[in-house]
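Kindly read each point beside the structure.

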Amino acid sequence: METISGRPTPPVPQRVRVLREIHDYFFVALGILLYAIGWTFFELPIRITGGGVPGISSIIFYATGLPVQYSYFVINGTLLVLSVLILGWRFSAKTIFACLLMTSVVPIIQEYLINSGISLDIDPFASAMLGGACCGGGIGIAFANNGSLGGTDIIAAIVNKYRDISLGRVGMYLDIIIISSSYFAVPQTENVFYGYVVLVTTSLMIDFVVNRSNQSVQFFIISQKYEEIGRRINAMPNHRGCTIIDGTGFYSGQPVKMLFVLTRKHEAALVFRLIKDTDPMAFVSQGNVNGVYGNGFDRIKVS
């Protein structure tokens with residue numbers, strides 16, 4: 001088995017890098033909007049507390065009446081200073097954008113709800129489920145596009161840098177403490193329960209969105225023009241590699257070359273397009289894979 005090495009990978013053009021950044025910031029903004037709708041529309045009106053900094057801001061709002069955007073901005077601002085000092089500027093850039101956008105969007109949505117007279121008349125459990133789904137979907141969209149909503153994610157990343165504790169575990173501990181603390185601001189056991197419903201729903205939705213966007217597929221390609229197809233795959237925007245596997249046709253007894261390729265699911269259409277353009281008679285097999293780890297895909301994570 002051999003790998004098409006080819007010439008050194010050319011640098012990504014400036015135009016491509018700019019377009020990728022615009023793509024990321026657009027979807028991070030979309031995630032923020034979805035999160036803000038779930039938080040202000042489904043959680044705050046019935047005094048449900050979720051996790052993270054929005055959960056802390058909700059508790060402060062229930063106890064003092066201080067608008068959530070102010071405490072959200074101050075807490076996140078403090079954490080972002082720590083993030084820049086400890087984790088570096090590059091990690092924090094999209095998080096700063098997300099926090100500023102959230103601070104701006106929340107009061108706009110709240111004012112719209114007040115002026116429009118929209119009120120929810122649904123069961124609190126259903127409201128918690130819908131709020132968690134919106135918040136989890138928003139976080140998932142941001143994560144899948146290299147963004148973050150900041151807050152306790154920053155604390156988790158800092159702890160993870162110095163201690164061998166996973167980000168998920170730190171975040172879970174913090175969220176449990178925050179939701180349990182909401183009882184002191186809203187002394188109703190059912191509201192704490194609904195807070196945990198929000199937490200579970202949010203977590204499930206994050207996993208669904210992130211895992212769906214990170215799904216990978218594998219291709220086995222048999223073609224007389226395997227070298228040209230391999231070079232074109234190497235030239236894809238994410239510079240996917242491919243491996244040549246030597247085989248023998250059972251019926252013909254002739255040697256054949258087969259390409260083995262791994263890509264993200266959203267890149268599959270591009271692979272099919274370039275195969276069709278190069279050799280419409282190529283034999284192609286595509287299959288889903290549970291996980292791909294290594295350069296260009298996911299990091300190997302072992303606790």
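Is Arg240 buried or exposed? Arg240 is buried, because its relative accessible area is 6%; buried means under 20% relative accessible area, exposed over 50%, and partly exposed in between (1.4 Å probe, protein chains only).

The model is a predicted one, in which local features require pLDDT of at least 70 and side-chain atom pairs count only at pLDDT 80 or more, while totals for chains, interfaces and linings use all residues. Residues are numbered from 1 along each chain as its sequence is written, and side-chain values rest on heavy atoms, with hydrogens and water left out.

1. Arg240 and Glu267. The side chains of these residues, Arg240 and Glu267, meet in a salt bridge at 2.9 Å, N to O (a side-chain nitrogen of Lys or Arg within 4 Å of a carboxyl oxygen of Asp or Glu). This pair links distant parts of the chain: Arg240 is in the loop between helix 9 and strand 3, and Glu267 is in the loop between strand 4 and helix 10 (268-278), 27 residues apart. Helices (H or I, at least four residues) and strands (E, at least two) are DSSP runs, numbered from the N terminus. Glu267 counts as buried because its relative accessibility is 7%.

2. The other salt bridges. The structure holds three salt bridges. One of them joins Lys257 and Asp246, whose closest N and O atoms are 2.5 Å apart. Lys257 belongs to strand 4 and Asp246 to strand 3, so this pair ties together parts that are eleven residues apart in sequence. Lys257 is partly exposed at 25% relative accessible area, and Asp246 is partly exposed at 46%. Another salt bridge is formed by the side chains of Arg231 and Glu227 (3.8 Å, N to O). Both Arg231 and Glu227 lie in helix 9 (residues 226-234), four residues apart, or about one turn of the helix. Glu227 is partly exposed, with a relative accessible area of 42%.

3. Over seven bridges, strand 3 (residues 242-248) pairs with strand 4 (residues 255-264) in the antiparallel sense; two strands pair if DSSP finds at least two bridges between them. Cys242 stands opposite Val261 in strand 4. Six residues lie between the two strands of this hairpin, and Gly253 in the turn has a positive phi of about 75 degrees.

4. Ser216. This residue, Ser216, is placed in strand 2 (residues 216-222) and is buried, its relative accessible area being 4%. Its side chain makes a polar contact of 3.3 Å with the side chain of Arg264. A polar contact is a pair of N or O atoms within 3.5 Å; within protein, one must be able to donate a hydrogen and the other to accept it, and residues adjacent in sequence count only if both atoms are side-chain atoms.

5. A search of the whole structure finds ten aromatic pairs. Among them, Tyr35 and Trp39 form an edge-to-face pair, 6.5 Å centre to centre with 65 degrees between the planes. Rings of Phe, Tyr and Trp (its six-membered ring) pair if their centres lie within 6.5 Å; planes under 30 degrees apart count as stacked, over 60 as edge-to-face and the rest as tilted. Because Tyr35 and Trp39 are four residues apart in helix 1, about one helical turn separates them. Tyr35 counts as buried at 8% relative accessibility, as does Trp39 at 1%. Trp39 also forms a tilted pair with Tyr72, at 6.0 Å centre to centre and 50 degrees between the planes. That pair links distant parts of the chain, with Trp39 in helix 1 and Tyr72 in helix 3 (residues 68-86), 33 residues apart. Tyr72 counts as buried at 2% relative accessibility. Tyr35, Trp39 and Tyr72 form one aromatic cluster.

6. Arg47 lies in the loop between helix 1 and helix 2 (52-64), and its phi is near 60 degrees, a positive value in a residue other than glycine. Arg47 is partly exposed, with a relative accessible area of 36%. Asn191 lies in helix 8 (residues 189-213) and counts as buried at 8% relative accessibility. A polar atom of the Asn191 side chain lies 3.4 Å from the backbone oxygen of Ile46.
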